[in-house]
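Open the model in your viewer and keep the sequence panel beside it. The stops below are given as selections, each followed by what is there.

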Amino acid sequence: MHSVYAVVPLCLSPWLYSACTTVYMVCNVYYCALPSLCFITLCCAFTVGHFYKGRRKYQEWTDPCFSSPAQLPWRPSAVPPPPCPAGRSDSWAADPHSSLQRLPCTGADSPPGGSSDQDQASPKPNSGTESKYGLDPDLIPNVVQVLHDDEVLWGAQFFVTDTRGQLPPLSSTHCTVQDRGNASPRFLRCTSYSFPSSPQAALLSQLPLAAIVQPFARLARGEPPLPVSDPGLGGPVRCSSCGAHMNPFMDFQDCGQRFYCPFCASLSEVPWQYYTHTDRSGRRVDWLSRAELSRGSYEFLEPRSHGATQEPRCSAGRESARVLHREDGAPAFIFLIDVSVQAVQQGAVSLVCEELRTLLDKLPRDSGMDESELSVGVVTYDRTLHLYSLSPTLSRPHMLVVTETEDLELPLVEGLLVPVKDCRDIVDSLLAQIPSLFADTREAVVIFEPALQAGMQLLKDAGCPGKLLVFHTTPPAGDSRPGSRTDSGIFGAAKDKSVFQPCGSCVSVAESCVAHGCSVDLFLFSQEPVGVASLGHASDISGGGVYMYSSLQEEADREQFRMDLWRNFQREIGFDAVMKIHVSKGLTVSGCFGPLSVGTGGPSELALGAIDSDKAFAVEFTHQGQLDPERGVVIQCALSYTAPSGQRRTRVHTLSLNCSCHLVDTFRNSQAETLLAFYCKKVYSAVLHSSPLSLRDALLSELTRTLASYRQHGSTSAVSAGQLVLPQFLKVLPVYLNCLRKSEVLLPGPHSALSDRVYQRSLAVAMDTAETAAHFYPRLLPLPVSGQPWSAVRCSQRSLAPDRVFLAEDGRGLFLWVGGCVPPQLVQSLFNVPSSRDLRCGACSLPVLDTPLSRSVRGTIQTLQEHRARHMKGDESEAVFRRLLVEDRSPNGGASYPDFLYHVHVSTLQLLT
């Protein structure tokens with residue numbers, strides 16, 4: 001059985017308690033770089049860089065304490081909490097016999113500020129790996145151990161979804177999911193699998209009630225694809241009141257003539273074509289043969305309409321704002337290529353055209369189809385727009401130049417969009433000619449928004465949805481290039497909140513993309529900033545993505561671009577999508593966060609130009625009334641989209657949860673990594689209109705309130721007044737949120753580029769739970785010795801050894817860190833050089849050697865690449881590698897994990913008193 005809760009050994013002395021009265025502390029501290037060591041960064045390979053000797057000076061940002069903590073609405077529980085199941089522990093608490101003295105709660109004799117003896121209370125600065133308060137990092141919760149324990153419990157096992165409210169394995173655990181009525185956690189994963197039954201209990205818990213939704217998530221090897229059914233001309237059976245789709249939790253009554261909807265609590269008549277009688281238990285006798293009654297996830301084909309695709313019944317009011325597309329119009333890919341002089345000189349034009357030619361046969365297609373039904377169009381641009389007629393009736397492509405881009409109107413010419421299966425050769429011929437057509441260009445001025453408008457107009461004229469793949473190099477004309485600024489790690493101005501905001505014209509273009517069922521993938525090739533906040537906004541809200549490459553002169557960047565483009569073409573995708581969220585009566589959808597646009601139906605209805613297997617969203621729920629513990633909670637995500645063949649489909653995911661009047665059940669059935677994914681999407685979405693400092697404070701406040709609530713209402717362990725108590729499955733939540741708080745998006749360092757911060761935000765806001773957890777708490781793997789298996793260690797400088805080699809990855813980059821005392825035999829067998837002194841910094845590939853160690857390392861790197869949404873590249877910068885050691889104090893001033901945990905614990909006690 002899973003242990004449910006545990007208790008953390010941490011006792012604090014009174015003089016340390018008074019140290020929390022400091023509101024802000026900025027100290028000049030020194031930390032030593034690792035001597036005689038080098039590390040190697042990998043892009044499916046490696047790069048070597050040497051750490052610098054000596055000491056460096058930096059400013060440390062210490063977290064503020066609450067000078068006047070707000071009081072939570074504490075209320076005594078009406079019913080005592082149920083006992084913890086046998087073999088489970090409710091809480092994780094500190095060792096009461098620790099060498100540190102216990103920290104008493106503040107009372108009348110001890111003001112909230114603590115002792116006035118500042119000399120005694122003030123912590124002393126030290127290296128980034130040690131706690132200022134003397135805490136032993138080995139005695140506090142360990143992310144690596146949590147992941148290992150879950151892998152031991154569920155690894156290579158079957159997780160069967162036949163039980164309501166069953167806590168799933170962690171997202172990093174390798175297991176096989178069997179759909180027996182509830183959607184797989186790969187599609188729907190909740191912050192808690194037992195919701196509070198009343199608004200008052202939900203308020204007391206201080207836990208966000210939310211779900212991470214990934215409708216097109218990749219299935220693990222051995223898991224069958226979703227069943228697809230055709231309901232015929234009559235369409236699928238749905239609730240006549242709220243429009244929810246049929247699922248295993250619809251309750252059939254009157255011998256199967258009517259069914260009860262768990263989302264709106266209404267009864268609907270069963271159409272005579274769908275009628276089948278029920279057995280003694282009230283279940284239809286044909287439930288096993290119908291995917292909608294036996295599976296938590298399924299798809300069905302939407303009935304064809306005359307002239308336009310059918311909008312979901314629940315969103316009938318959105319036709320006025322959304323373009324309806326012809327049923328026979330298959331989606332299209334339009335390639336928009338910057339052909340300015342800078343793009344030509346950097347080699348971007350030739351590289352893009354070369355790679356597109358190799359991928360014309362790899363365009364998305366429906367499962368089981370040999371050829372893609374997609375259409376293709378090509379647009380090049382600099383100061384003007386160049387359209388190309390690719391009609392098969394022409395002997396060669398014809399170029400049309402549009403010079404007037406203010407009030408853009410495109411000529412109605414045949415062949416601007418053509419089916420790739422019929423015109424592959426002529427498209428290939430055009431892509432081969434484009435580099436030579438613009439080889440002698442001297443045009444340095446580039447327009448960007450008119451190019452997007454031209455792509456949208458092509459899709460609109462063709463009556464089909466699609467995707468714009470923009471390959472951009474030069475800063476647009478009139479761009480002030482805000483991305484060229486760097487940000488200080490000290491927040492002193494409210495204007496910091498505006499650096500992520502796009503310009504007004506880019507917002508309108510982005511909204512038009514969504515309205516036309518068009519998504520934008522932006523590939524940026526530039527050695528100078530190009531205003532990512534504005535240019536990438538259309539990608540952020542249309543379901544697309546942003547890709548950045550610093551220099552195509554480096555083979556690492558060229559290889560990364562090739563792999564990113566290949567994966568972009570290969571992943572599962574749906575176009576012109578509308579997603580509707582249903583939830584049980586008593587709950588409502590209060591917010592949605594991620595790469596999306598909220599529709600006119602409110603936060604429960606989302607609009608997307610396209611959606612692919614790498615996109616995930618966060619949906620937050622709020623109580624509106626009492627929930628029935630007997631019926632529990634049901635959540636449904638219905639995604640209506642256009643498949644690559646042009647067929648309109650709906651994918652339905654349904655999940656059932658428990659609800660309870662006992663708060664301890666809510667904490668027992670929570671998962672820290674899902675909360676991290678939710679907070680990441682919510683905070684990174686809010687950074688567009690709020691200052692990073694206020695968001696960091698809000699994260700600290702929410703964590704403090706959650707732990708205070710658990711200590712007050714959920715803990716069933718007998719602990720002393722000064723002990724830290726954490727829920728078992730949330731015991732690593734503090735380290736996760738500390739990593740989020742000190743990320744460069746929220747806490748930039750003195751040399752942080754705004755363009756890189758905007759790019760990191762764009763990546764993280766679309767990540768699923770597994771990618772998010774790996775991004776904020778990277779994986780650090782020492783190379784195994786003597787045939788032992790790979791085993792991760794904690795992300796701290798304390799884990800590094802001078803005689804070992806470590807592989808690190810965070811979803812964006814791969815690093816090999818090589819100690820200065822590594823045996824020459826190991827270096828020879830892995831790098832084919834005599835010793836570590838002969839390693840070349842900046843190398844981009846591991847040599848292919850026929851040694852067990854070389855095969856093992858290269859195989860592990862390939863496996864890591866396959867499990868990530870994007871191709872990971874390397875960086876030879878010491879600062880980049882140091883940021884992966886997230887348990888230590890970060891170079892941008894973020895607190896170390898032990899110090900942050902100490903501060904959270906003291907703030908929790910202050911809040912309770």
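Start by selecting Val402, which lies in strand S20; helices (H or I, at least four residues) and strands (E, at least two) are DSSP runs, numbered from the N terminus. Val402 is buried, at a relative accessible area of 8%. Buried means under 20% relative accessible area, exposed over 50%, and partly exposed in between (1.4 Å probe, protein chains only).

Two remarks on the source apply throughout. The model is predicted, so local features need pLDDT of at least 70 and side-chain atom pairs count only at pLDDT 80 or more, whereas totals for chains, interfaces and linings use all residues. Residues are numbered from 1 along each chain as its sequence is written, and side-chain values use heavy atoms, with hydrogens and water left out.

Next, go to Glu406, in the loop between strand S20 (398–402) and strand S21 (418–419). Glu406 is exposed, with a relative accessible area of 64%. Select Glu404, Asp407 and Glu409 as well: with Glu406 they gather in a patch of negative charge on the surface. Such a patch is made of residues with over 30% relative accessible area and no salt bridge, like charges being joined within 9 Å and nonpolar side chains (Val, Leu, Ile, Met, Phe, Trp, Tyr) within 5 Å.

Now turn to salt bridges, of which the structure holds 37. The criterion is a side-chain nitrogen of Lys or Arg within 4 Å of a carboxyl oxygen of Asp or Glu. Select Arg357 and Asp428, whose closest N and O atoms are 3.0 Å apart. This pair links distant parts of the chain, 71 residues apart: Arg357 is in helix H7 (residues 348–359) and Asp428 in helix H8 (residues 424–437). Arg357 is partly exposed at 32% relative accessibility, while Asp428 is buried at 17%.

Then select Lys615 and Asp612, a salt bridge with its closest N and O atoms 2.9 Å apart. Both Lys615 and Asp612 are buried.

For the aromatic rings, a search of the whole structure finds 21 pairs. Rings of Phe, Tyr and Trp (its six-membered ring) pair if their centres lie within 6.5 Å; planes under 30 degrees apart count as stacked, over 60 as edge-to-face and the rest as tilted. Select Phe523 and Tyr547: their ring centres are 4.4 Å apart and their planes at 5°, so the pair is stacked. Phe523 is in strand S24 (residues 518–525) and Tyr547 in strand S25 (residues 545–549), 24 residues apart. Both Phe523 and Tyr547 are buried. Phe471, Phe525, Tyr549 and Phe561 form one aromatic cluster with these two.

Finish at Asn832, in the loop between helix H20 (824–831) and helix H21 (852–866). Most residues other than glycine have a negative phi. Asn832 is partly exposed, at 46% relative accessible area. In H20, by contrast, Val827, Ser829, Leu830 and Phe831 are buried.

Note on methods: Accessible areas come from the Shrake-Rupley method with a 1.4 Å probe; for residues, only the protein chains shown count as cover. Lys and Arg count as positive and Asp and Glu as negative; His and the chain ends are not counted. The place of a charge is taken as NZ of Lys, CZ of Arg, CG of Asp or CD of Glu.
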